[in-house]
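Trainee: Could you take me through one part of this protein slowly, and then show me what surrounds it? I am still learning to read structures.

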Amino acid sequence: MEQMITDLLAQKAESTTKHEQESFVNMVRLLQESGQEVFRQFNQTFGHVGLDRFNLLQFLYYMEYDEARRNAVWKRKMHRFQPELPDEAAIQLFDGLYLSQLAYAPTCEEIFHRLESFRGGLFKLRNCTVEASVNRPAHFLAIRKMDDPRANVKDELLSNFDVDNEKGFRRRFARSWLSRALNYVRPSRQRIQVIVVIRGSKEVFDFLTDAHLVATDFQGGKAHDGILQSSQWLIDLYSDDLKRLSRKLRPKNGKKIMKLWFVGHSLGGGTAALAAMLFHERKQYAKWIDAEAIGFGTPSLVSPELSYQYQDIVTTVVNDADVVPRTSGAALARTFLKIVRYNWTEAALEDYDQLVNVLMQDQNIMKHFFGTDQSKAWLQDQTINLRIWLEQWFDENVAPFLDERLAAQDTDDEGDEVELIPPGECIHLYRDGVSYQGNYVNCSFFGKDIEVVRHFVDDHLIPPGYYTALLGLVRNRFQNLNWTFDVDLMEIDYK
């Protein structure tokens, strides 16, 4: 009987489009593959709460509840008093997103040729690998061509803003790495500009299977152990090469001679953030390297005090309900706890009532199977009896495992401690009910739990997620549905 009920109510998932079905299957797979880590976090943080009672149907109904609760009205309210992302900053972020997507190219030859045409070939590829192993991410390193003939082009943006170059991204976006390092400001010939672009996991699920959600001591706080090892490996790999690049130059008047940018998506963004932090703190590099990082969909990987400490050199962009920035071990466990608390029986009974109503009103079905009024009356009696049976079944098989936990299902557990959050200064792109908006938010906004919605996997990907959000945001701001970025990211949609 349980299987019959599951099959009957699961038809709601089959009514969606093929794309929605695939996204739903991906969410189920994500939860299944993360089960072992979640179970460990439950025992460590909350104690045993009965993960063996978790089932797919309960998850499906909780997803509907969470989607209804965290709707566009809720999102607009949560961002009402947060600083807005300027239009120019959104446009500048795109180049970082493009390079992050390029890191997923299947060959270094592809990366080389794409860089030749990117921004007029402003950067030259120096090193590249598309092969990754544990704690050794695929990446490429490029340097700016210092003899670029466009070096004297005046950036009109800079004449409109009085900004402090030493402040965080929101206060210095007009002099961001894009305006300094790409095609706007005349570069000083006493300054070398280097960019390291780090590839993330090829599938969002690799984050849970390959990257261990273990926090370790770092700079007086906590950091994600596996990603920290990747960052240390990158520094060891390039320390000698960076010294060779700067050998002929010496710092003057306290100015650093190398601008080093780390950029990446997903785990690549996490590696980028910690690498910038390491360069910033190590005295042998800090004297002559000015390191910063920008990441898209960066995981929760540092403790709050570290995140705030490095706001001036690390920027994290989060797209709407992206699951990865919210996926620390504690957040996973907290989300599972909310799911197993959720009383889904009323929603299931509402679906049953709706199904019966559809059957009773469908004249073709009634005529074919129940041609007489007597048969229709019999059907109506049977559906009432079945509903009574369903109520009893739920009382006996579901309710006993909810008991007093029901009272907590509508709370956000505001008092719970946030273990890890995304690093630095956070920018949130989100659906506002019409299009997309962007605001600066405290990174702890993403550390509590996961938004269990149908698009929380798609939001993490670059073409359907971050690119769509940035493009939608700028088009909405300019009120121009035909506006496009200078470079077409969809040309490098590596699947």
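How do the axes of α5 and helix α16 (residues 329–341) cross, and within what distance do they come?

Mentor: Happy to! Please keep in mind that this is a predicted model. The axes of α5 and α16 come within 9 Å and cross at roughly 100°. The two helices are therefore roughly perpendicular to each other. On the α5 side, the contact is made by Q58, F59 and Y62, and on the α16 side by K338, I339 and V340.

Now look along α5 itself. This helix covers residues 56–69, which is 14 residues, and it reaches 20 Å from its first C-alpha to its last, close to the 20 Å expected at 1.5 Å a residue. Its buried residues are L57, Q58, F59, L60, Y61, Y62, M63, Y65 and D66. You will see that Q58, F59 and Y62 are in that buried set and also take part in the contact with α16.

Let us step back to see the whole. The protein has 20 helices and 10 strands, and 54% of its 495 residues count as buried. Among contacts between residues at least 6 apart in sequence, 78% join residues at least 24 apart.

Next, find the sheet. Eight strands form an open sheet in the order β1-β2-β3-β6-β7-β8-β9-β10, with mixed pairing. The edge strands are β1 (123–129) and β10, each of which pairs on one side only. Direction ignored, neighbouring strands of this sheet are turned by 15° against each other on average. Strands of a sheet pair through backbone hydrogen bonds, either parallel or antiparallel. You can find both kinds here. Strand β6 (residues 258–265) and strand β7 (residues 289–296) pair in the parallel sense over eight bridges, and H265 stands opposite F296 in β7.

Helix α8 (residues 108–117) touches β1 and β2 (139–144), and its direction makes about 170° with that of β1. Helix α12 (residues 225–245) touches β1, β2, β3 (192–198), β6 and β7, and its direction makes about 20° with that of β2.

For the antiparallel kind, go to strand β9 (residues 425–431), which pairs with β10 over six bridges. C426 stands opposite V441 in β10. The two strands form a hairpin with four residues between them, and G433 in the turn has a positive phi of about 100°.

Helix α7 (residues 87–102) and α8 pack at an angle of about 155°, with their axes 10 Å apart. That makes α7 roughly antiparallel to α8, which you can compare with the roughly perpendicular pair α5 and α16. Y98, L99 and L102 of α7 meet I111, R114 and L115 of α8 in this contact.

Not counting residues up to four places away in sequence, I111 touches L102, A105, L125, C128, V130 and F140. In soluble globular proteins, nonpolar side chains tend to be buried together.

The 15 residues of α13 (residues 267–281) should span 21 Å at 1.5 Å a residue, and its end C-alpha atoms are 21 Å apart, which agrees. Because 13 of those 15 residues are buried, α13 is largely enclosed by the rest of the structure. A272 has a relative accessible area of 0%, so it is buried. Leaving aside neighbours within four places in sequence, A272 is in contact with I198, F262, V263, G264 and A293. Its C-alpha atom is separated by 9.8 Å from that of L228, 44 residues apart along the chain.

Technical notes:
Residues are numbered from 1 along each chain as its sequence is written. This is a predicted model: local features need pLDDT of at least 70, side-chain atom pairs count only at pLDDT 80 or more; totals for chains, interfaces and linings use all residues. Side-chain values use heavy atoms; hydrogens and water are left out. The expected span of a helix is 1.5 Å times one less than its number of residues. Buried means under 20% relative accessible area, exposed over 50%, partly exposed in between (1.4 Å probe, protein chains only). Two strands pair if DSSP finds at least two bridges between them. Contact means heavy atoms within 4.5 Å. Axes are lines fitted to C-alpha atoms, for helices over the stretch in contact, and angles run from 0 to 180 degrees between N-to-C directions. Angles under 35 degrees count as roughly parallel, over 145 as roughly antiparallel, 65 to 115 as roughly perpendicular and the rest as oblique.
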